[in-house]
Amino acid sequence: MNGRGLIHYALALLLAPLLLGVINRVKAAFAGRRGQPVLQPYYDLVKLLQKGAVYSRTTTWVFRAGPVVTLAALLAALALVPFAGQAGPLSFQGDVIVCVYLLGLARFFTVLAALDTGSAFEGMGASREVQFSALAEPALLVGLVVLGRQTSTASLGPMFAAVGPALWMTAGTTLALLAVAFFIVLLSENSRVPFDDPNTHLELTMIHEVMVLDHGGPDFGLILYGSALKLWIFSAFVAGLVVPYRCGNGWVDTAAAVGALLLTALVVGTVESCMARLRLLRVPHLLISATVAAVLAFLLMTR
Amino acid sequence: MSTPRTLRMGEAVPLAEIPRLDTAGFRARVTDVAWRLRLVALFGRPSYALTASEGRPSSSSVAAEGQSAVEPGAPVTLTAIFADDRNGQMQAFSTDVGASYPALTPDCPQANGFEREIAEQWGVRPEGHPWLKPLRYHRSAVPGRDAWGRAPGTAIEPSVTDFFRVEGEAVHEVAVGPVHAGVIEPGHFRFQCFGETVLHLEIALGYQHRGVEQALRHGDARRVMPYMETLAGDTTIGHATAYAQALESAAGARVSARAHALRAVALELERLANHTGDLGALAGDVAFLPTMSYCGRIRGDFLNMTALICGNRFGRGLVRPGGVRWDLDPARKDELLSRLAAAEADTKSAVELMFDSPSVLARFEETGTVSFDECESLGLVGPAARACGAERDVRQDFPGGMYRFQQIPVGTWSTGDVFGRAFVRWLEIQRSIAFIREVLQTLPEGDVLAPCGPLAPDSLVVSLVEGWRGEVAHVLITGAQGQREFYKIVDPSFHNWMGLAIAMRDQAISDFPICNKSFNLSYCGHDL
């Protein structure tokens, strides 16, 4: 446990939905609209938590457990994620693997809950989600392994703490490739364009959204909050890699890291505004190219 | 065999001149022309309507029966109207049938929907029809006669039928609708999928069936115009103009050039609003935000231009038999022209942004392809047909009103995919804007509304209008006293729904929304 890590954890819990708000505002600006309030995700969460939930008679406890387990797994994963060069509150040697598996656990229960409904849509979404995450996971894992090897540690905290201007000078290409791979994984895992369209209402085209169609009220609130945390986790990876700003003063570093995260949200929003979604058949191509970038970084490192 | 009676658009043909063939001769004629002509309409109606002088049921009995104005076991007259698009001519012929007749669809696939309609409406069974299922799920107008032998008491509910099913280990079925996630009309789509690939799509409609044709035959005359304007709400001008044209032709009424010009302006504005909206919606379906947002707004601009003419964004209350109800004064004309110029520039930048984006083109190209041959055999109409390379446009082939004096070049494309249907819309947007500008700048003087006069008795009129979705066909048959005896409506969607089903074969199921949007067919226009 460490004090600053705890503060960062609290900050993440508080600010995660803000990233979604920023992305929405950026998209609105590109479309020539004012857009919803930046705090809209918070209003939505409050609204959803006040509602009642409706459960289909065909579902079992798995369906109800889905959102809870997913959120719990994401909360645990968040506690391992370093921020502003500072290790997460629960950081330990080897937490890289645990973090990736916690993300996997979250997905596993979302998928189970989706399959539990027995709906054709949700089964279709679950199949897509599992297929695409199977392709995204290698990119993330290989990337983290490269980073660990580069910084001689298997813990996320020291790993990202070691990333700085010095490392960029010596292993810039490797880090740049990793940043590309992580950013692609960020887009894919958080169901952003070009992989998925978080705004669509068309069930047949959805990947992630279609799996949670049957959840309502507080359950859906938990899911929304979970996806905000997930976005925070992946943005922290990307931002920690690309903007490793440290001046020594802890508060300034933290503020800079939050700024870097908002910048990531800005970039995500810009990407979403400038391109169309990929054809579903082409999604694996982009994910494999993320893995290729990570493997290339691996080769560069070992040469 | 008598020679076919050639008729022109908007010509009142005496019913006696339309050849009545025996069933075999009718079938032979259909088979003979089906490969080169396009089926505009094929419909049934009670036979007494034709035998005008020989013992028609008294008008009071027609009114009293209300729901089913047909005697049990009455023969039904089938009338086929084929169009020769290249020569701007049509031919019509008819036959009388009893409870069944040999189906035309095996030799004329264009007749598929029409024959199912006839079977459902009149209980006449087309024997050997390969796909004989209800179309709108209602009872036949002939008491006790049902093409599927359903007992009179059984409930008939939409999409309760045998769906085509593919069996297999990895084959799964996805059912979408009738309640959809967006604010759209109800319709049921049944996909047979192999993984992400669609093997077959079956579309079941009928949820929007209001019985409009029946209401037109027996209902209050004052409600006719509102019905016409809401046959398909987004084709208000198209259907209203087709109806007005039919009545004016039957009455031999002269409509002023100014009224014709204003109708054409309204029709093109309707096309502009819908095409722009469609392009924006297509962009939205592939998550290309800028074009989606801008086109959504520009669509409103075009609708507001229609409102500037008549006070209603959809043009309700504008077109009436005999002309239009609202004139355009010079101040509003100038206002319209300046708004048009602004909208033109906005549309151009929004649409070109989309067509310049490789990520959008990657989604549109080679998605939902309909071949030229499929287009011809299904008899597709409108932008969907022109995207397959079929140079088919009522404004060119059967021009009525203003289009006789001022031509619009037909825009076609050859790929038949989503891109083709989107690009043809863009071509039409540009040409419609130029057309409106030309018409407004040379707007003829004169009155805009004149009384229509009585209709010619015992006649048939085919009225065609190129609505934004394609050919709007109305057929009017008058009785011995010049009353509206029978009225048939064919919305372009009626021809094109099958095209969507064919376009989805071997496509990814996740591409269904953009295929669907690229056709953007009307549910209520089909269900009537």
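Which residue of β5(B) is the bridge partner of B:Gly44? Hold that thought for a moment. One caution before the answer: this is a predicted model.

Now the answer. B:Gly44 has B:Leu78 as its bridge partner in β5(B). That bridge belongs to a longer pairing. Strand β4 of chain B, residues 38–46, pairs with strand β5, residues 76–84. The two run antiparallel, and eight bridges join them. As a reminder, strands in a sheet pair through backbone hydrogen bonds, and they do so either parallel or antiparallel.

Stay with β4(B). Is it buried or exposed? Nine of its nine residues are buried, so the rest of the structure largely encloses this strand. Keep β4(B) in mind. We will meet it again.

Let's step back to the chains, starting with chain A. Chain A has ten helices and zero strands. Of its 303 residues, 52% are buried. Take the contacts in chain A with a separation of 6 or more: 79% of them link residues 24 or more positions apart.

Next, chain B. Here we have 17 helices and 16 strands. For 528 residues, a compact globule would have a radius of gyration near 24 Å; chain B comes out at 23 Å, which agrees. The C-alpha atoms fill a box of roughly 70 × 65 × 40 Å. Buried residues account for 56% of chain B. Among its contacts with a separation of 6 or more, 71% join residues 24 or more positions apart.

Chain B has a domain assignment. Domain 1 covers 5–127, and domain 2 covers 212–527. Their C-alpha centres are 26 Å apart. The two domains touch: 28 residues come from domain 1 of chain B and 30 residues from domain 2 of chain B. Which elements give two or more residues to the domain 1 side? They are β2, β4, β6 (89–97) and α3 (112–122) of chain B. Which one gives the most? Here is our strand again: β4(B), with six residues. By class, the domain 1 side has 18 nonpolar, six polar and four charged residues.

Another element from that list, β2(B), takes us to a sheet. Four strands of chain B form an open sheet, in the order β2-β14-β15-β16, with antiparallel pairing. At the edges stand β2 (13–14) and β16 (484–490) of chain B. Each has a single partner strand, so one side of each has no neighbour in the sheet. Two bridges connect β2(B) to β14(B), residues 459–467. In one of them, B:Pro14 has B:Ser459 as its partner.

Helix α6 of chain B, residues 236–251, packs on it and touches β14 and β15 (470–478) of chain B. The direction of α6(B) makes about 150 degrees with that of β14(B). Helix α15 of chain B, residues 492–503, lies across β14, β15 and β16 of chain B. Its angle to β15(B) is about 135 degrees.

Now, where do the two chains meet? On one side are 24 residues of chain A, in contact with 26 residues of chain B. On the chain A side, the elements giving two or more residues are α1 (3–30), α5 (120–151) and α9 (250–274) of chain A. That side counts twelve nonpolar, five polar and seven charged residues.

Last stop: a single residue, B:Val360. It sits in helix α10 of chain B, residues 358–364. Why does B:Val360 count as buried? Because it has 23 C-beta neighbours inside 10 Å, and the cut-off for buried is 20 or more. Leaving out residues up to four places away in sequence, B:Val360 touches B:Ala283, B:Val286, B:Phe288 and B:Met354, and also A:Ala276 from chain A. B:Gly499, by contrast, is 139 residues along in sequence from B:Val360, and 23 Å from it in space, C-alpha to C-alpha.

That's the tour. Thank you.

Methods: Residues are numbered from 1 along each chain as its sequence is written. Chains are lettered from A and ligands numbered from 1 in the order in which they are written. This is a predicted model: local features need pLDDT of at least 70, side-chain atom pairs count only at pLDDT 80 or more; totals for chains, interfaces and linings use all residues. The radius of gyration is taken over C-alpha atoms; the globule rule is 2.2 Å times the number of residues to the power 0.38. A residue is buried if 20 or more other C-beta atoms lie within 10 Å of its own, exposed if 12 or fewer, and partly exposed in between; C-beta atoms are placed from the backbone. Two residues are in contact if their C-beta atoms, placed from the backbone, lie within 7 Å. Two strands pair if DSSP finds at least two bridges between them. Axes are lines fitted to C-alpha atoms, for helices over the stretch in contact, and angles run from 0 to 180 degrees between N-to-C directions. Ala, Val, Leu, Ile, Met, Phe, Trp, Tyr, Cys and Pro count as nonpolar, Asp, Glu, Lys and Arg as charged, and the others, Gly among them, as polar. Domain bounds come from an automatic or database domain assignment.
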